[in-house]
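Please work through them with the sequence and the coordinates at hand.

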Amino acid sequence: MLYAFDKHRTGLPCTTVSLNGRNQCSYPSWAGSAAILAEYGTMQLEFKYLAYHTGERKYWDVCDRIMQLMRKVDRPHGLFPTFMNPSSGRWANGKIAFGALGDSFYEYLIKQWLITKKAEGYLREMFDEAAFAIAKKLVQRSRPSGPGRG
């Protein structure tokens, strides 16, 4: 399945792979043929754990390449939109979600940091930055009560 990571220079893997030996893969049309944040976020633990158990660094490297892209990419409001163009490495739209399509990416930032025995500090930084951005964007004071009112 490693061929799914080689379709584009960004390293973003195809969502659908063919197991018929022809190394065919694609992205879902319903997603505008874009890579989905939650999916390549989820792969981080799976492939890195596979690398650990097999001793094959190649599984780690294909996922780490994605994380290096995520470190550099523009983050609207400090957050990661749900769809990325796999050819350009730019966001396909500005939609940000913390449920379906986005949740796993945020959840697995902290888990990746933990499975590296806290050695990959940038993962913790990315998690912290996202958590602060989530709080800033989602936490609001109600009106008319607001601060200091009953």
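On a 1 Å grid over the protein atoms alone, a cavity is a set of points where a 1.4 Å probe fits but cannot get out, whereas a pocket is an open set with protein on both sides within 12 Å along at least five of seven lines, and lining residues have an atom within 4 Å of a point. The model is predicted, so that local features need pLDDT of at least 70 and side-chain atom pairs pLDDT 80 or more, while totals for chains, interfaces and linings use all residues. Residues are numbered from 1 along each chain as its sequence is written, and side-chain values use heavy atoms, with hydrogens and water left out.

**Exercise 1.** Identify the residues that line the largest pocket, and the helix that gives the most to the lining.

*Solution.* The largest pocket, with a volume of about 160 Å³, is lined by Lys48, Tyr49, Tyr52, Trp60, Ile115 and Lys117. Helix α1 (residues 37–54) gives the most to this lining, with three residues.

**Exercise 2.** Decide whether valine 139 counts as buried or exposed.

*Solution.* Valine 139 lies in the segment after α4 (121–138). Because its relative accessibility is 62%, valine 139 counts as exposed (buried is under 20% relative accessible area, exposed over 50%, partly exposed in between, with a 1.4 Å probe and protein chains only).

Methods: Helices (H or I, at least four residues) and strands (E, at least two) are DSSP runs, numbered from the N terminus. Grid points are joined across faces, edges and corners, and a volume is the space filled by probe spheres set on the points.
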